[in-house]
Amino acid sequence: MPAGVMIPTRNMPSMIGVNGNVGGSGSSSGLALGQGNMMEGQFHHLDMAHNTFEGDMTRIRDEEFDSTNTKSGSENQEGGSGDEQDPRPKKKRYHRHTQHQIQEMEAFFKECPHPDDKQRKELSRELGLEPLQIKFWFQNKRTQMKTQHERHENTQLRNENEKLRADNMRYREALSNASCPNCGGPTAIGEMSFDEHHLRLENTRLREEIDRISAIAARYVGKPVLNYPVISPPMPPRPVDLGVGNFGGQPVLGGEIYEAGDLLRSISAPTEADKPMIIELAVAAMEELIRMAQMDEPLWMNNLDGIDSVLNEDEYTRIFPHGLGPKPAGFKCEASRESAVVIMNHINLVEYLMDVNQWSTLFSGIVSRALTLEVLSTGVAGNYNGALQVMTAEFQLPTPLVPTRESYYVRYCKQHADGTWAVVDVSLDNIRPSPTPRCRRRPSGCLIQEMPNGYSKVTWVENVEVDDRGVHNLYKQLVSSGHAFGAKRWVATLDRQCERLASAMATNIPAGDAGVITNQEGRKSMMKLAERMAISFCAGVSASTAHTWTTLSGTGADDVRVMTRKSVDDPGRPPGIVLSAATSFWLPVPPKRVFDFLRDENTRNEWDILSNGGVVQEMAHIANGRDTGNCVSLIRVNSANSSQSNMLILQESCTDQTASFVIYAPVDIVAMNVVLNGGDPDYVALLPSGFAIFPDGTAAHGVGMDEYGSTGGSLLTVAFQILVDSVPTAKLSLGSVATVNNLIACTVERIKASLSCESA
């Protein structure tokens, strides 16, 4: 979405001082599309306080009235008052609802368990019942559902209580058998400190777990595993608080990114009978990952360009004969390996990989959603050594033309004797009930070795079997080369994100350059806001169906995917109906040139429709790494039309050897003042737009990202989000959809024209 997609409030002064603070009156962060000229409109200010008191009191009175009428329901009482002179009691007659009536009310209950008077009257007309009968049935149904829910919770609490009782008995038995560390004889509890006693119990449990896993591994791989001595290193902080992003264990964007969709939600946690098999599979996968990361020829062979390694499938099958079973029909193998040194401590890196929220945020351009179903082991000795987690995840490429890859797997973390840590994933599809997967993860993951000065050497292995027949022809070359989902992209993303985190923690920022934000709290808040903007952009552009978007059919443009969503009570987005439009196309220009063209404020007028003719100026920025293109910027567009006010834009640009992004969103001036002073950025409403740039896969991978002389082309995805109506209950008009299609088509044509002239 071009920056001008959000029509600003008229005559709104703005000012940014020398110290980077923004002044002036507020503007909104979403576009209100009218039925007329799309250039005309106005911002809709966010109403952060929602008056729900009156509606809540009405609902409470209804519930109180319902509670006095609990005797009716599926069996409804009939019978009149009768003859009051007759002393004999009248026998009450009952009749049951018909099966059709019950089915209709059950179906309506799933959609709306609290129907209002109008809905109850409508149902009574359709089903031939009295409105009061309808009301009583729904009230009893709600009571029944509440009782079932409480019964389920009671069962869970009872099971947890039994586990705690068993642990208590085990600890009591261990206490009764305590021995003196010097003579080996019995000792009194009073002679042992609480910490020492706790460590002895922990030590016993560690030895039992290591012996058990070693025995399983010996049976599976045919040789014993070294029995490492039990060491209790200091416990690191968990989770790692690096002061940037949503890394505190809370899902980003209100749980949107990490909430499982219908497909992954159908998978339940493993049963007790499955767990021994999962442990065996995880131990064997760890052995395989280490050998694949360390072996070279003949297992790994160099390809024709001499840059990437290719897995020798015949040698792989010979060395690892067990595998995941026969490869499904129509599946192909994708295997790759890559190494790099990244600026992050090895312990912190393990923490990021083993925390599903931190991991998903770190790789938000690759992971569209992830969920931990069950933790089989939290690790030993105060860290993640020995941790086992059953997970589901969906992997994406930021384009609507490449299907996402869903996987159900176990993640196993292990510390090895030489100080190396390893984290491995392996699919559990053999115990997955349904549906049939389109992607199976053979043992994949990374080895992490400690380096001096807080760095880590990472060796990453990606090894999957996948059905990629749904990939659009435009992206087939990139996907089949393994560069779309392979190890090189994971490592390049990790390296770039580690630099970004290091920049967020930096305290010695020189104030020499104009516009550099030196306030540390302001830097953290602004980078956290930019991070949320990037995650929201990827959620609206990929082919994932896990999010709250609804894809529209028959929008009039086959090559543009248009989705809609209603935003209500979300402080991170303006309220109303939002349209998201995305399209992908090929450019005969190297990715590096496309990236520089789109991120440069001096060339913004060539493609941004609503900034056309205005003066675009960078007001402040934060550098995020070695490459000058990696930065977060605050941009002001001074309109050439004196009747329109200026616009403020938050932009993040980032690039590595596998992908580049330019993501931006109009922002409220007053809200950005709060952010620049270190305030909470979660309440700044954003509708992000931007670009995702990938090499087309025809040239040697990575060449086009560094040199303008490369012959490789680019795959460019253009996407933007627009607020078409500030009333969430409003109807979506065809005129709004047509405006979105025309806007994205015009933007694409401008980009093609500008870059074609440059390359001519």
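**Cavities, strands and rings in a predicted model**

Reader: Which residues lie nearest the centre of the second largest cavity?
Author: The second largest cavity is lined by 15 residues. The model is a predicted one, and in it the space of this cavity comes to about 120 Å³. Those nearest its centre are Arg405, Arg441, Glu462, Val464 and Phe485.

Reader: Which strands each supply at least two residues of the lining of the second largest cavity?
Author: The residues of this lining divide into 7 nonpolar, 4 polar and 4 charged. The strands that each supply at least two of the lining residues are E7 (332-342), E12 (439-441) and E14 (456-466).

Reader: How much space lies in the largest cavity, and which residues are closest to its centre?
Author: The structure holds 12 cavities of 30 Å³ or more. In the largest cavity lies about 200 Å³ of space. This cavity has 15 lining residues, and the closest to its centre are Ser364, Arg496, Gln497, Ala534 and Cys654.

Reader: Which helices and strands each supply at least two residues of the lining of the largest cavity?
Author: In this lining, 7 residues are nonpolar, 4 are polar and 4 are charged. At least two lining residues come from each of helix H12 (487-505), helix H13 (520-541), strand E20 (647-655) and strand E21 (660-666).

Reader: Are the residues of strand E9 buried or exposed?
Author: On one side of E9 stand Leu388, Val390, Thr392 and Glu394, and on the other Gln389, Met391, Ala393 and Phe395. Both faces are covered. Of the 8 residues in E9 (388-395), the number in this state is 8, and the state is buried.

Reader: In which sense does E9 pair with E8 and with E10?
Author: Strand E8 (residues 367-377) and E9 are joined over 8 bridges, with Glu374 standing opposite Val390 in E9. E9 and strand E10 (residues 405-415) are joined over 8 bridges, and Phe395 stands opposite Arg405 in E10. For E8 and E9 the sense is antiparallel, and for E9 and E10 the sense is antiparallel.

Reader: Of what kind is the aromatic pair of Phe108 and Phe138?
Author: The count of aromatic pairs comes to 14. The ring centres of Phe108 and Phe138 are 6.0 Å apart and the planes stand at 90°. An angle over 60 degrees is required for the kind in question, and therefore this pair is edge-to-face.

Reader: How many residues apart in sequence are the parts that this pair of Phe108 and Phe138 ties together?
Author: Phe108 lies in helix H2 (residues 99-111), whereas Phe138 lies in helix H4 (residues 131-176). The pair therefore ties together parts whose separation in sequence is 30 residues.

Reader: Which of the words buried, partly exposed or exposed describes Phe108, and which describes Phe138?
Author: The relative accessible area of Phe108 is 23%, and the relative accessibility of Phe138 is 1%. Buried means under 20%, exposed over 50%, and partly exposed in between. Therefore Phe108 is partly exposed, and Phe138 counts as buried.

Reader: Of what kind is the aromatic pair of Phe109 and Phe138?
Author: The two ring centres of Phe109 and Phe138 are 6.1 Å apart, with 35° between the planes. Planes under 30 degrees apart count as stacked and those over 60 as edge-to-face. The angle of 35° therefore falls in the remaining class, and the pair is tilted.

Reader: Which residue lies over the face of Phe109?
Author: Phe109 is in helix H2 and forms a link to Phe138 in helix H4, 29 residues apart. Both Phe109 and Phe138 are buried. Over the face of Phe109, at 6.0 Å from the ring centre, lies Lys141.

Definitions and conventions. Residues are numbered from 1 along each chain as its sequence is written. This is a predicted model: local features need pLDDT of at least 70, side-chain atom pairs count only at pLDDT 80 or more; totals for chains, interfaces and linings use all residues. Side-chain values use heavy atoms; hydrogens and water are left out. Buried means under 20% relative accessible area, exposed over 50%, partly exposed in between (1.4 Å probe, protein chains only). Helices (H or I, at least four residues) and strands (E, at least two) are DSSP runs, numbered from the N terminus. Two strands pair if DSSP finds at least two bridges between them. On a 1 Å grid over the protein atoms alone, a cavity is a set of points where a 1.4 Å probe fits but cannot get out, and a pocket is an open set with protein on both sides within 12 Å along at least five of seven lines; lining residues have an atom within 4 Å of a point. Grid points are joined across faces, edges and corners, and a volume is the space filled by probe spheres set on the points. Ala, Val, Leu, Ile, Met, Phe, Trp, Tyr, Cys and Pro count as nonpolar, Asp, Glu, Lys and Arg as charged, and the others, Gly among them, as polar. Rings of Phe, Tyr and Trp (its six-membered ring) pair if their centres lie within 6.5 Å; planes under 30 degrees apart count as stacked, over 60 as edge-to-face and the rest as tilted. A charge sits over a ring if NZ of Lys or CZ of Arg is within 6 Å of the ring centre and within 35 degrees of the ring normal.
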